[in-house]
Amino acid sequence: MRTFIGIGKGTPKTAVDEAVRGLSEPTMLLFIAPYQDIAEIATLLRERFPEVPCIGTIGTNLANGTVSEKNLALLGLFSDAKVSCGIISDISSCPLAEIKSFEEKVSQINPGREDTVCIEYCTGAEEMLATTLYACLKHKGVSMAGGTAFGAPDGKVGVVAYNGKVYEDTCVYALIKNTTGKIKVFKENIYKRQSEQTHFATKVNIKNRSIIELDGKPVADVYSKEVGIPKNKIVDNVLKNPMGRVVGDQVFISAMKELRENGELLNYKRINQNDCIYFLELDDYRKQEDMTRSYIKSEMKHISLVISIDCAHRYLLYQSDNYLEEYAKNMAAMGAHIGVVGGGEQYNNQHVNQTMVCAVFE
């Protein structure tokens, strides 16, 4: 599948001019831009390519081996990819309202099993959104990979872009069918079980995404005893020992956000009543990264594009260990690569934390 990845620096106009240099007759655009520039960049791209569907999000980007918080990263697809893009508004209240339109767009590209993916960027309401969208995609054999917009200044909310305009409380998506090969979605977990101990969430607050009790005991007491750290250090320990929600034979990471005085442990991923929980610990992530890339290359013989979403917690971990630049180069070694650092990741019907999710195209 033909792809184009452009990088632009400087003012929004200069960045767009640089990023699109050499780009001709795309059928779809996807971009990642800094929060303060996304509105102007979205407008400029619409003026430059008025008939081309375009989705965008904010945040740090990884593009062909580089990492930047300030640059514009742009992906262009061409006629060998069938695409259908759209927008879902008011996702915090009623994403179901626009499901009929979403289903129609899925049908427009006549998806085949293993050759179509939904790439989405949203501003929140991830659990409801992922469940709703994947319910429409699953019976067609379409996978989904997405990310939560991350990088808005304090006091501001995340935004995404669609066809020249910027939106809050919204999901933008691109349904992409590869006419030259497969598309497959992968996720990577760089954590392992800290022990064989299993716990069950016996008291939760779904609205707050919080756990109050595990196994009938205060969650902070259980975590502190098993992991061996003081209760007031639990949230600070998120990069080393997050929690994992068990679904079948898979573990989906839930990162701790805040421990309140009433004992509620707020998380970035929702934990449901009676969910099975493991405490996790950081694995040898360089080894795990090598294993993941080897597995992807064994599944996808001729990689033409990788679109990834990395959690902000992974970004902080890799940055603190001076691994970030090496990681970006390793991702680009598989094929053309564009990725974003997100505030959460969506993998088919699951919202996850501290995970890398990617869509890989042959």
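Biologist: A pocket is an open set of points on a 1 Å grid over the protein atoms alone, where a 1.4 Å probe fits, with protein on both sides within 12 Å along at least five of seven lines. What volume does the largest pocket have?

Modeller: The largest pocket comes to about 760 Å³, counting the space filled by probe spheres set on the points, which are joined across faces, edges and corners. This is a predicted model, where local features need pLDDT of at least 70 and side-chain atom pairs pLDDT 80 or more, while totals for chains, interfaces and linings use all residues. Residues are numbered from 1 along each chain, and side-chain values use heavy atoms, without hydrogens and water.

Biologist: Which residues lie nearest its centre?

Modeller: Thr-148, Ala-149, Phe-150, Tyr-268 and Gly-343 do, out of 30 lining residues (those with an atom within 4 Å of a point). Helix H7 (312–320) and strand E21 (265–267) each supply at least two residues of that lining, and H7 gives the largest share, 4 residues. Helices (H or I, at least four residues) and strands (E, at least two) are DSSP runs.

Biologist: And what lines the second largest pocket?

Modeller: That pocket, of about 190 Å³, has a lining that includes Phe-150, Gly-151, Tyr-315 and Val-341.

Biologist: Switching to the open sheet, what is its strand order?

Modeller: Its 6 strands run E5-E4-E24-E23-E27-E13 with mixed pairing, a pair needing at least two DSSP bridges. E5 (66–68) and E13 (183–188) are the edge strands, each pairing on one side only.

Biologist: How many bridges join E23 to E27?

Modeller: There are 6, between antiparallel strands spanning residues 305–311 and 356–361 respectively, and Ser-308 has Cys-358 as its bridge partner in E27.
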